[in-house]
Amino acid sequence: MRSARKGTRYAVGALLAVTALGAAACSSSSSSSSTSASTAGSASATGGSATGAVTNVTLGYVPYSDDASLFYAQDSGIFRQHGLNVSFVAQASPVAVEASMASGTEQFGFITTPVLINLASKGVGVKCVSTVDGNEPTNPADDTTVLVAAKGSGITSIKDLAGKSVAEVQLSSLNSLSVEVLAKQAGVNPSSIRQVAIPFAQMPAALAQGRVQAAVIVAPFTQTAVGEGAAVITHPNQDLFPNGTLTCLDAMSSYISANPKIVSEFRAAMDQSVTYSATHQSVVKQTLVKGLSLTPAVAASQILATNFSTTFNATSISTIESDMKQFGIITTEPSVSSLVWNP
Amino acid sequence: MSPSYLASLRLAGRAATRVWLFVVLFALWWFWSSGSKSLYFPPLSQILKALWTQWVTGPARAELAASLEHLIVGYVIAAAVGIGIGALLWSARYVRVATSPYLYFLYVLPAPVLVPAAMTLFGIGFTMKVVLIAFAAVWPTLLNTLDGMHSVDQVKLDTARVLGVSPAGRVFRVVLPAAAPQIVAGLRNSLQVAIILMVVSEWEASTDGIGYYIVNAQQSFDYVGMWSGIIVLAIIGTVANLLFVAAENRVLHWHYGARAVEGTR
Amino acid sequence: MLRRYSLTYGLRLAVLAAALGLWQGLSVAGVIRSDEFPSMSQTASALSDLLTQSTLWSAVGQTLEGWGLGLVIGAAAALLVGTFIGVNGFAYRSAIGVIEFFKAIPVIAILPIGLVLWGATLTMKFALVAFAVFWPLVIQVRYGVRSLDPVVRDTTTVLQIKGARKFFMVILPSAAPFVATGLRVAAAVALVVDIITELIGGGSGIGERILLAENAGPSDYPQMYAYIVVAGVLGMVLAGAFAVAERYVLHWHESQRAAKAEGQDRGYSERQVLVIVA
């Protein structure tokens with residue numbers, strides 16, 4: 001009797017241990033970095049390995065709807081036509097992406113313009129090599145970043161933000177900078193606004209509960225907030241950086257100098273995908289089903305906040321730079337031409 | 001050589017043994033990083049300078065004060081609740097047995113996952129952070145209190161019962177003192193958990209604290225600042241431990257004295 | 001004995017049912033906000049969908065990869081170093097300051113450095129997991145090594161058992177329960193840290209799935225929380241596996257024999273429980 005019980009215990013324990021080990025051993029690696037070229041330690045100037053005619057490269061990205069063109073370029077074989085096989089690594093922010101690029105395990109990455117400028121001003125050589133899917137759209141209905149005010153907060157314009165709390169997804173970001181710039185333009189002292197970093201997913205609740213009085217929020221979370229009574233005040237990016245280049249895909253300057261061919265093929269492939277996306281939005285959005293784990297219906301309802309441009313808007317980058325300098329985020333202004341790469 | 005001179009030599013010697021490895025590692029870090037141009041690994045001299053200008057004489061002192069406030073309040077609550085509930089539950093064997101697996105469910109939930117719930121319930125300020133710290137830090141103390149009380153010598157308990165000591169009296173005068181060493185071990189571990197949660201609770205939706213300072217430094221690529229914040233955390237952990245051990249020795253000296261007779265210390 | 005087992009498991013099931021019922025009740029009543037949390041039924045249905053898909057299982061496997069490698073490396077190093085500082089007083093006094101110093105550094109703070117060194121790769125995951133596991137475990141191992149019962153210690157001296165024989169026959173068995181507890185807790189810690197590195201740093205696994213679901217928006221909250229439940233359950237399973245293994249390996253030890261005699265279920269150890277939540 002007792003030994004049978006003991007036996008059961010051993011069996012359960014052994015089974016659990018074997019299952020755990022087996023799961024670990026047999027795990028299929030997903031489309032991510034574990035199988036791609038890894039150069040241990042220091043930042044490497046060469047990346048990717050060539051197997052036949054196709055070079056493997058790794059790209060770190062932040063998951064959101066505007067990655068659709070990027071996913072499409074890989075899924076539809078456009079990258080392959082240009083001799084590239086791109087593996088994607090999902091990361092939580094451009095900070096994580098840039099750090100991974102410094103390690104040499106990623107050759108390309110998603111970056112926002114303020115982060116690009118910040119890094120360059122600190123001596124790290126990075127350049128935009130292509131747009132993600134374009135620049136800021138002209139039509140406000142396509143711009144998914146909005147400043148909303150909580151129901152009952154009494155805020156109807158930027159002026160009313162004085163002394164209130166505003167939520168941003170991240171403090172040293174374009175969104176927080178925009179709020180400061182808009183406030184200054186409206187005659188409000190930016191330091192009287194209390195900015196709090198809250199993840200998008202928690203913003204609707206924070207607004208509804210009155211923890212913050214306003215927030216810079218993006219789709220699809222905007223719908224939730226508006227559904228609870230939040231009011232749209234303005235589109236900060238449209239106000240400040242019309243048709244601006246606010247995000248891009250970048251690479252380290254050392255990588256670009258060492259691999260000009262790969263970079264120009266990358267750019268050509270992305271330009272092709274972005275141009276195609278302009279007229280085939282519904283097709284391209286379906287890549288989000290696999291890329292972001294959305295249902296086809298939800299994927300189709302996403303708005304691509306872009307004008308599908310394939311050129312960088314240097315003026316907007318310069319504007320952002322001077323804003324950042326004005327608010328003390330950077331001390332030196334790198335030249336805009338050093339921040340972008342063009343074929 | 002006078003006895004007091006020898007004694008102070010010995011003291012200096014003991015201090016040196018505890019410190020030499022630090023000095024060596026520190027020197028290694030200093031020399032290895034001295035010419036560094038890397039954004040991510042700045043020279044140690046810059047980091048130390050930032051430590052001084054920010055944390056000792058500068059604006060980051062407010063963050064330090066805020067964090068310590070959260071830590072102390074959260075930890076005291078965790079300690080009180082842990083020992084209190086432990087004392088109440090120690091005979092409720094079935095409660096412990098029924099809930100023990102689920103404790104591991106809660107342990108492994110990363111704190112960033114708990115923050116949304118905490119934010120919804122307690123807002124984005126002081127209360128949320130203290131609650132998170134207390135919630136995570138209560139478990140080591142609670143579990144060790146339960147275990148310590150459970151392994152009390154049954155003979156002592158029976159003697160107390162025979163002598164007519166009341167149930168409450170038994171808990172406070174027999175069981176808790178006997179469980180004291182284990183409870184103290186739990187308190188020490190709770191301290192470490194509290195320090196980590198102090199940082200993590202300030203990572204999101206915060207406007208002050210060391211965690212707030214570090215995450216902002218990371219996001220604005222101020223790595224000198226980030227490293228200085230990490231060093232501050234490590235110093236807090238070290239100092240907290242030293243204080244704890246000193247307090248432990250004082251409180252438990254009777255226990256250690258008895259064990260010393262047996263020669264286990 | 002069988003009745004006691006079914007009572008134990010019956011109670012646990014009752015607690016689970018009560019917790020799930022409470023979740024659903026609070027969601028329906030609106031106490032749990034539907035704009036940021038899914039209800040229990042939504043999560044349960046998302047979970048049952050996921051259980052049939054390979055993405056969940058490959059994510060679990062990827063998480064376990066980093067977990068396993070990091071745990072093995074960190075534990076092996078902790079055993080070696082812990083034993084050394086346990087038997088050598090000078091080594092202990094030299095190292096303890098440094099150990100306490102590093103122990104207080106949360107992984108979340110040092111994550112970018114991990115990314116700069118190794119990128120969002122398996123190496124980064126297991127390196128950070130090993131880092132997190134090592135420091136507390138090394139102290140736990142030392143406690144174990146020094147926990148020698150004074151009677152046993154004196155007997156060893158009298159019998160003139162020294163050196164390697166003393167280590168393997170006396171010290172190691174005496175330390176084993178402490179080490180076992182430490183390993184069980186280290187297993188839980190390793191899992192948290194691994195998931196955090198995936199969630200914030202990058203790298204495939206359960207944390208990555210949580211990140212993707214979170215960024216996809218409110219329509220994916222059930223999925224996100226389904227993955228969170230998976231993470232919690234995985235932690236329970238791993239801790240349980242370690243507890244079972246501990247009972248098997250240490251069945252000869254006093255504490256286990258006493259536990260069996262009393263028929264109690266020691267879900268966690270009566271010794272020091274080191275818990276670190278990253």
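**Exercise 1. The sheet of chain A**

In which sense do strand β7 (residues 165–168) of chain A and β8(A) pair, and over how many bridges?

*Solution.* The model is predicted: local features need pLDDT of at least 70, side-chain atom pairs count only at pLDDT 80 or more, and totals for chains, interfaces and linings use all residues. Residues are numbered from 1 along each chain as its sequence is written, while chains are lettered from A and ligands numbered from 1 in the order in which they are written.

Step 1. Helices (H or I, at least four residues) and strands (E, at least two) are DSSP runs, numbered from the N terminus; two strands pair if DSSP finds at least two bridges between them.

Step 2. β7(A) and β8(A) pair in the parallel sense over four bridges. A:Glu168 has A:Ala197 of β8(A) as its bridge partner.

Step 3. The open sheet of chain A holds five strands, ordered β8-β7-β9-β6-β10, with mixed pairing. Its edge strands, β8 (194–197) and β10 (231–234) of chain A, each pair on one side only. From one strand to the next, the twist averages 35°, where axes are lines fitted to C-alpha atoms, for helices over the stretch in contact, and angles run from 0 to 180 degrees between N-to-C directions.

Step 4. Helix α6 (residues 174–185) of chain A packs on the sheet and touches β7, β8 and β9 (214–218) of chain A; two residues are in contact if their C-beta atoms, placed from the backbone, lie within 7 Å. The direction of α6(A) makes about 150° with that of β7(A).

**Exercise 2. Strand β9(A)**

*Solution.* Step 1. Strand β6 (residues 145–149) of chain A runs antiparallel to β9(A), with five bridges joining the two. β7(A) runs parallel to β9(A), joined by two bridges.

Step 1. A:Ala215 in β9(A) is the bridge partner of A:Val148 and also stands opposite A:Ala167.

Step 2. A residue is buried if 20 or more other C-beta atoms lie within 10 Å of its own, exposed if 12 or fewer, and partly exposed in between, with C-beta atoms placed from the backbone. Five of the five residues of β9(A) are buried. A:Ala214, A:Val216 and A:Val218 point one way, and A:Ala215 and A:Ile217 the other way.

**Exercise 3. Helix α4 of chain B**

*Solution.* Step 1. Chain B has eleven helices and zero strands.

Step 1. The expected span of a helix is 1.5 Å times one less than its number of residues. The 15 residues of α4 (residues 93–107) of chain B should therefore span 21 Å, and the end C-alpha atoms are 21 Å apart, which agrees.

Step 2. At B:Ser100 the helix bends by about 45°, and the proline B:Pro101 follows within four residues. The bend at a residue is the angle between axes fitted to the seven residues ending there and the seven starting there. B:Ser100 and B:Pro101 are among the buried residues of α4(B).

**Exercise 4. B:Leu39**

Is B:Leu39 buried or partly exposed, and what does B:Leu39 touch?

*Solution.* Step 1. B:Leu39 lies in the loop between α1 and α2 (44–56) of chain B.

Step 1. B:Leu39 is partly exposed because 18 other C-beta atoms lie within 10 Å.

Step 2. Not counting residues up to four places away in sequence, B:Leu39 touches A:Lys122, A:Gly123, A:Val124, B:Phe221 and B:Tyr223. B:Trp227 is 188 residues from B:Leu39 in sequence and 11 Å away in space, C-alpha to C-alpha.
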